[in-house]
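Here's a quick briefing to read alongside the model on your screen. Have the viewer open and follow along by topic.

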Amino acid sequence: MRLSDLMKATNNFSKDYIIGSGRTGSMYRAALDDGTSLMVKRLQDTQHSEKEFVSEMATLGNVKHRNLVPLLGFCMTKKERLLVYKYMPNGTLHDRLHVVNEGDKTMEWPLRLKIGIGAAKGFAWLHHNCNPRIIHRNISSKCILLDADFEPKISDFGLARLMNPVDTHLSTFVNGEFGDLGYVAPEYARTLVATPKGDVYSFGVVLLELVTGERPTYVAKAPDSFKGNLVEWITQLSSNSKLHDAIDESLAGKGYDGELFQFLKVAYNCVIPAHKERPTMFEVYQLLRAIGERYNFTTADDILMPSDTGDADFIEELIVAREGKENH
């Protein structure tokens, strides 16, 4: 797409048009002359050669799933790398949960659950059914966008660099860059290696946001003396057998309490420090889908059972571990 058209559509990349920004760049809303609304991602890192960038765009353009934001086109100049996406009218999950204006209703539980299941489905597809598999590396409630029907769509997938197909389990960080504060798995600081289980941790934090209503780095409900982040607060509650206290008060007592606690337990299992004991993204999706069964959220299932041995070994390990705990 032409730079001049995109500049006009964003009023020369006006600050007023920014709908989100992160490490990879800023996202702008854009309006074309014919009235079409789009989103334009202006990448900060333009170190890719033109050839690499075009080849990456060709790959990402073919990555299509109902829970991913569709990439419609791109623009490349000497200094700019721009991605053009379909517009998502309901903004980011982060803003819907945390930037509540006066008079706005808080999100009801069935809607939060629908978003959790749909996002899990998109991430499971990236991890298990995409070839080469894509590790997102920058999962947060800001990269989950909501369409007109509040169907969640994942943005920024593939931007952190596609995984090397030869090495499907590990992908080293470029320059040791990290994701948003509060979402980074603890092992990353030690290994500087992005893995599927690191994504699971970050997504677990998003699930905690959905069920607690709290921000990842600051817990409004915690006592003043508590200075930790959301995961640390949840861990503390769990060790004192008070996990129930974490549930968003606006959701409690409305007939969903069982689902809320099940959902909270899934989220908690995603953020445990021992990365090998976290579920895979496929398992997270299956667990959430089971919680939401009565709502009929999911359409025809297009997530295939993972066939790669790494996941099979992991599932076996998990079963053995669970049996051990039960016997213990």
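A contact here means heavy atoms within 4.5 Å. With that in hand, of the contacts in the protein chain between residues at least 6 apart in sequence, 64% join residues at least 24 apart. This is a predicted model, where local features need pLDDT of at least 70, side-chain atom pairs count only at pLDDT 80 or more, and totals for chains, interfaces and linings use all residues. Residues are numbered from 1 along each chain as its sequence is written, and side-chain values use heavy atoms, with hydrogens and water left out.

**Confidence**
- The protein chain has a mean pLDDT (the predictor's confidence in each residue, from 0 to 100) of 84, and 83% of its residues reach 70 or more.
- Residues 162–178 have pLDDT below 50, and the model gives this stretch 44 contacts beyond near neighbours in sequence.
- Residues 309–323 also stay under 50 in pLDDT, with 16 contacts beyond four places in sequence.
- Where pLDDT is low, the predicted coordinates should not be read in detail.

**Overall make-up**
- The protein chain holds ten helices and nine strands; these are DSSP runs numbered from the N terminus, H or I of at least four residues for helices and E of at least two for strands.
- Of its 328 residues, 49% are buried, where buried means under 20% relative accessible area, exposed over 50%, and partly exposed in between (1.4 Å probe, protein chains only).

**A hairpin**
- Strands S1 (residues 18–22) and S2 (residues 25–31) pair in the antiparallel sense over four bridges; pairing takes at least two DSSP bridges between two strands.
- Two residues sit between S1 and S2 in this hairpin.
- Glycine 20 has methionine 27 of S2 as its bridge partner.

**Positive phi without glycine**
- Asparagine 11 is not a glycine, yet it has a positive phi of about 55°. You'll find asparagine 11 in the loop between helix H1 (3–9) and S1, and it counts as partly exposed because its relative accessibility is 46%.
- Serine 241, also not a glycine, has a positive phi of about 55°. Serine 241 is in the loop between helix H7 (230–239) and helix H8 (257–270), and it counts as exposed because its relative accessibility is 71%.

**Nonpolar cores**
- A nonpolar core is a set of buried Ala, Val, Leu, Ile, Met, Phe, Trp, Tyr and Cys residues joined through side-chain atoms within 4.5 Å.
- The largest one has 77 residues, and Phe123, Phe203, Leu207 and Leu288 touch the most other members. Helix H4 (residues 109–129) gives this core its largest share, ten residues.
- Domain 1 (3–86) and domain 2 (91–295) each supply at least three residues to this core; the domain bounds come from an automatic or database domain assignment.
- Apart from that core lies another, of ten residues, including Leu6, Phe13, Val40 and Leu82.
- Leaving out residues up to four places away in sequence, phenylalanine 123 touches His136, Ile139, Cys143, Ile144, Ile154, Phe203 and Met281.

**Valine 205**
- Valine 205 belongs to helix H6 (residues 196–212), and it counts as buried because its relative accessibility is 0%.
- From valine 205 to glycine 182 is 23 residues in sequence and 7.7 Å in space, C-alpha to C-alpha.
- Beyond four places in sequence, valine 205 touches Gly182, Tyr183, Pro216, Leu230, Val231 and Val271.
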